[in-house]
Amino acid sequence: MAAVSRRAPQRALTRRDNEFMGDLAAWERENGEDNSEQLERLRRNLRRVRSAELTPRQAQLLHLYYDLGYSMSGIAGELGIDKSTVSRTISRGRERLKRYLQYSL
């Protein structure tokens, strides 16, 4: 018979907990490092990779999905292709972007 692992139940967050988390987020924004230079480099590299490394179909579907906010079903209906084709193409495009951008920071 397998041993059953039991964790202590987590307590619910109180109003004070939520206030603390909000205060912590505000403090981190004020006192955190400025990463605007890294973000700009990432955006520049993302534009370069999207135009140079993606296939035209991957670029089109990623644009519709991420930039314009279409659902995968909406893209499939709009272009007259199967939803699984949309999903696979977006997944492959994402992997290609990830592979080229992982060292850009």
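Q: What makes the order of elements in this predicted model read as α-α-α-α-α?
A: From the N terminus on, the elements of the protein chain follow that pattern, and the chain has 5 helices and 0 strands.

Q: What makes Val49, Leu54, Leu61, Leu62, Leu64, Met72, Ile75, Ala76, Val86, Ile90, Leu97 and Leu101 a nonpolar core?
A: A nonpolar core needs buried residues of kinds such as Val, Leu, Ile, Met and Ala, joined through side-chain atoms within 4.5 Å. These 12 residues make up the largest such core here. Helices H3 (56–67), H4 (72–79) and H5 (83–101) each supply at least two of its residues, and H5 gives the most, with 4.

Q: Which residues does Leucine 101 touch, not counting those up to four places away in sequence?
A: Its partners are Leu42, Asn45, Leu46 and Val49. Touching here calls for heavy atoms within 4.5 Å.

Q: How do you know that the span of H3 is close to what is expected?
A: H3 has 12 residues and reaches 15 Å from its first C-alpha to its last, close to the 16 Å expected at 1.5 Å a residue.

Q: Why are the buried residues of H3 said to line one face of the helix?
A: Those residues are Gln58, Leu61, Leu62 and Leu64. Seen down the axis of H3, they fall within an arc of 165 degrees, so they line one face. They pack against helix H2 (36–52), H4 and H5.

Q: How many of the residues in the protein chain count as buried?
A: Buried means under 20% relative accessible area, and 17% of the 105 residues count as such.

Methods
Residues numbered from 1 in each chain as written. Predicted model: local features only at pLDDT ≥ 70, side-chain atom pairs only at ≥ 80, totals over all residues. Heavy atoms only, no water. Buried < 20%, exposed > 50% of the residue type's maximum accessible area, 1.4 Å probe, protein only. Expected span 1.5 Å × (residues − 1). Arc of directions from axis to C-beta.
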